[in-house]
Amino acid sequence: WGQGPVVAVDGPAGAGKSTAARRMAERLGFLYLDSGAMYRALALKALQHGVDLRDETQLLHLLDMTRIELDGAGHQKPLVLVDGQDVTRLLRSPEVNASVSVVAGFPRIREEMVRRQREMSRAGHVIMDGRDIGTYVLPSADLKFYLTASLEARAQRRLQDLTGMGFPADLAELAEEIRHRDALDSERAVGPLKQAPDAIYIDTTDMEVDHVVDMMLSIYRQRVES
Ligand code: CDP
Ligand code: CDP
């Protein structure tokens, strides 16, 4: 017996973590776990229930009553279920974008999220993406990546995604939102966004997604499978 391989992918917003991690999981037959979706799910539920986003105790109470499922079964477009309801689309709203990093800044919220994330990845054969996966959630991961890209490229990608989903969006506003969220995520005391010393750094600014995925897979085959 023993645990299957675990891969951690971290980086700032719009770097292409979820896309690359999801495709890599598909190719390897692994489970893809989107840790950011869990923080988004809590932010969404707090907004829906009118919970004060500055009140950690209330948020923690809400989280204790909330079942968050990352349904990676169909790896193509994994669903996020909150208390059995599909909220996948709602997680990308501007309201959630504006609140998620606040919710994710609370130590006790993070502690509970991390507990759930470790539990979900216990059996291995997992790729998880986020901000603190390689540094804190899964420090002994078999392989770690740190993906990044220029702010402009990341905002441009978000713009395409949002307009494709029917959300109105503006490039300059998106760049500002991403910059602000990156700052909050990098500067917080607990679980900040940071490259793990043993993570492989990939700047995807001028790369196609397929190229990024091929590169990650070939590194995986060299370092983990051999
Ligand atoms: O997709 P995008 O990169 O915009 O964000 P995400 O991965 O869905 O994460 C949304 C937010 O959740 C981040 O901006 C962080 O504030 C928080 N998060 C976190 O604190 N720790 C993680 N491991 C993952 C996400
Ligand atoms: O998870 P994260 O916020 O890091 O990024 P994402 O949600 O995967 O969004 C990245 C978007 O940029 C997706 O629409 C990708 O198709 C696109 N993209 C990419 O991921 N990687 C590239 N090298 C180029 C574009």
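This is a predicted model: local features need pLDDT of at least 70, side-chain atom pairs count only at pLDDT 80 or more; totals for chains, interfaces and linings use all residues.
Residues are numbered from 1 along each chain as its sequence is written, ligands are numbered from 1 in the order in which they are written, and side-chain values use heavy atoms, leaving out hydrogens and water.

An open sheet of 5 strands, with parallel pairing, runs in the order β2-β6-β1-β7-β8; strands are DSSP runs (E, at least two residues) and helices are runs of H or I with at least four residues, numbered from the N terminus, and two strands pair if DSSP finds at least two bridges between them. The edge strands, each pairing on one side only, are β2 (31-34) and β8 (200-203). Between β7 (residues 143-148) and β8 there are 4 bridges in the parallel sense, and Tyr146 has Tyr201 as its bridge partner in β8.

Helix α9 (residues 209-225) packs on this sheet, where it touches β1 (6-10), β7 and β8, contact meaning heavy atoms within 4.5 Å.

Around ligand 2 stand 16 residues, the closest being Ser18, Thr19, Arg158, Asp161 and Met207; a residue is near the ligand if one of its heavy atoms lies within 4 Å of it. A polar side-chain atom of Ser18 lies 2.3 Å from an oxygen atom of ligand 2, and a polar side-chain atom of Lys17 lies 2.8 Å from an oxygen atom of this ligand. Helices α1 (17-28), α7 (151-164) and α9 each give two or more residues to the shell.

Terms used. Axes are lines fitted to C-alpha atoms, for helices over the stretch in contact, and angles run from 0 to 180 degrees between N-to-C directions. A polar contact is a pair of N or O atoms within 3.5 Å; within protein, one must be able to donate a hydrogen and the other to accept it, and residues adjacent in sequence count only if both atoms are side-chain atoms.
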